[in-house]
Amino acid sequence: MEIKLKCSCGESNCREWAIIELQGVVEVQPAFQDRIQNLQIGLLCRTSSQETYTFTVGYHELSGSKIPLKKPLLVLKKNIIKSDMEIDQNDDQIDSSRVELEVIGIIRQRILFKTRPKALISEPQPAVKEKVSASCRVVAK
Amino acid sequence: MEKTESCCTKGAEAVLNVSPNSSIPISYHPLFGPHDDILLLELDEKLLPDVINQRVSLRGEPNEDAVLCTKSKTYAVKFVGTSNSVFLVPPSDQFAITESPPVASVIKVAPGTMEIVEIAPKIDKLKTLLSKNPYRYDEDDEMHDSGLYQWDDLVNRVQASDDELKSALRVLSAVEINGYWRIVDDKYMDQVLKTLINNSILSDWSLSSLDENTVVESLVEEGYSREIAHHCLEVYGSKTSENVWEMDNKRVCVHFARRILFVNGKMKTESFMEEWISKVPGGMVASLDMLEGEVLMENLGIQSWVYAFSVFSLPSDPANRFSRLFQERSKWDWKDLHPYIRDLSVPGLTSDGLLLKYTRRTQPTADAEPVFTAR
């Protein structure tokens with residue numbers, strides 16, 4: 001079967017997505033496990049110097065920087081096309097030929113935090129609602 | 001999706017454009033989830049125009065590993081996992097929902113990316129498919145729906161780019177008949193070619209300057225289809241100018257050599273040459289060096305023998321090719337080996353690299369011919 005890569009971006013008009021990448025996993029506190037949507041993970045802060053960032057998650061602070069990707073990443077979405085397909089002689093082919101991949105974005109840079117988290121002694125940023133900011137923590141691997 | 005930029009930046013735009021000394025909150029998206037239908041594909045910058053112009057597709061049957069094809073090349077697709085947390089933040093106008101969304105939010109955590117590596121097209125399958133039902137003379141009497149492939153059927157089944165598929169069809173001397181790509185039974189082609197040569201002798205045409213219409217019509221009169229008549233010119237000749245064809249000395253001679261060895265099996269070289277020279281049409285010159293990659297010769301005692309061993313019948317991936325070659329002969333010298341490996345193409349590997357990988361090279365003395373054995 002053939003799955004076409006569909007792209008409606010047109011010349012140089014692909015929507016750029018962002019990546020925030022960190023080592024380890026962010027663990028949501030058990031109380032929030034089932035209502036993770038809209039939950040704040042942390043605060044991304046760009047420091048004064050060029051393209052260096054901190055990411056504050058709960059009581060942890062990560063530092064990192066924005067790095068261009070060597071090769072761009074395409075964001076693809078798998079679409080199942082429901083419309084009637086012409087009937088193929090080969091039965092096993094019908095299901096698979098209804099799939100198409102659509103390019104919905106491109107990623108050219110990522111903000112990478114590759115250091116181990118630093119524990120913040122004091123309370124996290126007061127501007128952030130405490131219950132939310134305290135609801136995540138970084139678990140280094 | 002194509003809404004104009006709103007006043008305050010949100011989504012990916014916000015993440016990518018944080019001003020110095022400021023910060024933005026990062027949240028889980030209201031639609032955060034596994035989103036298995038969102039994939040990341042790493043692609044070389046130079047392939048982007050192909051993607052944008054929609055010339056890229058994934059090919060393969062459900063039981064095969066998918067490959068990515070551009071117009072001219074084939075790439076293997078590999079999933080590369082990561083243990084990092086890769087938070088994906090879409091632009092604000094994608095996955096937008098009615099309620100006021102958080103500033104920048106993560107739609108999914110990507111478990112890894114797909115990467116591509118250029119590979120040789122999987123042409124063997126094309127050979128297998130087309131060999132199942134070659135075009136024969138008496139075909140019209142039978143039902144011939146099964147085992148026939150149109151261009152789209154081939155694209156769906158063979159993991160190769162369009163250009164590679166087209167060139168493979170040319171190499172296989174395939175022809176499109178009634179919309180289906182076919183290889184023509186060798187014996188049938190033999191008849192067509194002999195009829196063509198016969199007609200040209202009878203009508204006193206020169207084989208180096210054949211008028212296309214005259215030749216095709218003469219074959220049609222003998223009961224061959226127009227497509228087959230034309231195909232015969234394509235396979236054994238070349239167009240020298242509009243409507244004028246020249247039969248190719250080498251291709252015609254090789255054809256007759258193959259037929260002789262097909263019928264007789266292994267032959268004494270002497271008697272083979274005798275028969276061969278008698279079979280090729282007048283004006284054409286047969287010589288053994290034409291048969292590189294078509295026949296192997298061996299010496300038994302003082303007698304030299306020749307038998308058919310065509311490179312086209314061998315697997316096209318290097319590992320299987322070398323294994324088949326060493327099954328045929330445990331030792332090869334370079335002169336014999338070269339015709340059987342020169343068509344192998346492995347992206348990123350030179351022919352020396354191939355030899356290094358699949359053979360052991362021995363050279364008894366510095367000026368002796370190297371000998372290749374299996375690794």
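In this predicted model, chain B is divided into four parts: domain 1 covers 11–119, domain 2 covers 124–183, domain 3 covers 186–247 and domain 4 covers 314–375. Domain 2 and domain 3 of chain B have C-alpha centres 22 Å apart. Where these two domains of chain B touch, domain 2 contributes six residues and domain 3 contributes four residues. On the domain 2 side of that contact in chain B, four residues are nonpolar, one is polar and one is charged.

The overall form of chain B comes next. Its secondary structure consists of 13 helices and 18 strands. For 375 residues the globule rule gives 21 Å, but the radius of gyration of chain B is 29 Å, well over that value, so chain B is more spread out than a compact globule. The C-alpha trace of chain B spans about 90 × 60 × 40 Å along its principal axes. Of the 375 residues in chain B, 32% are buried. Among contacts in chain B with a separation of 6 or more, 65% are between residues 24 or more positions apart.

Chain B also meets chain A. In this interface, 50 residues of chain A are in contact with 50 residues of chain B. Several elements of chain A each supply at least two residues to its side, including strand E1 (2–7), strand E4 (40–46), helix H1 (93–96) and strand E7 (99–113). Strand E6 (60–80) of chain A is also one of these elements, and E6(A) gives the largest share, eight residues. Sorted by class, the side of chain A that touches chain B has 27 nonpolar, eleven polar and twelve charged residues.

Strand E2 (residues 38–42) of chain B runs antiparallel to E6(A), and five bridges join them. In one of the bridges, Lys77(A) is partnered by Ile38(B).

The nonpolar cores can be followed from here. The largest has 108 residues, of which Ile20(A), Val75(A), Val15(B) and Val89(B) touch the most other members. E7(A) supplies the largest share of this core, seven residues. What does Val89(B) contact, leaving aside its neighbours within four places in sequence? From chain A, the contacts of Val89(B) are Trp17(A), Ala18(A) and Ile20(A). From chain B, they are Gly11(B), Ala12(B), Val15(B), Ala104(B), Ser105(B) and Val106(B). Another core lies apart from the largest one and has six residues, among them Trp332(B), Tyr340(B), Ile341(B) and Phe372(B).

Further local features can be traced in chain B. Strand E14 (residues 295–300) and strand E15 (residues 303–308) of chain B pair in the antiparallel sense over six bridges. Val295(B) has Ala308(B) as its bridge partner in E15(B). Two residues lie between the strands of this hairpin, in which Gly301(B) takes a positive phi near 65°.

The last stop is Ser208(B), in the loop between helix H6 (186–203) and strand E10 (210–211) of chain B. Is Ser208(B) buried or partly exposed? With 15 other C-beta atoms within 10 Å, Ser208(B) is partly exposed. Not counting residues up to four places away in sequence, Ser208(B) touches Glu246(B) and Met247(B). Ala174(B) is 34 residues from Ser208(B) along the chain, and the C-alpha atoms of the two are separated by 24 Å.

Technical notes:
Residues numbered from 1 in each chain as written. Chains lettered and ligands numbered in written order. Predicted model: local features only at pLDDT ≥ 70, side-chain atom pairs only at ≥ 80, totals over all residues. Domains from an automatic or database assignment. Contact = placed C-beta atoms within 7 Å. Nonpolar A, V, L, I, M, F, W, Y, C, P; charged D, E, K, R; others polar. Pairing = 2+ DSSP bridges. Helix = DSSP H or I, 4+ residues; strand = E, 2+ residues; numbered from the N terminus. Rg over C-alpha atoms; globule rule 2.2 N^0.38 Å. Buried ≥ 20, exposed ≤ 12 C-beta atoms within 10 Å, placed from the backbone. Core = buried A, V, L, I, M, F, W, Y, C linked by C-beta atoms within 7 Å.
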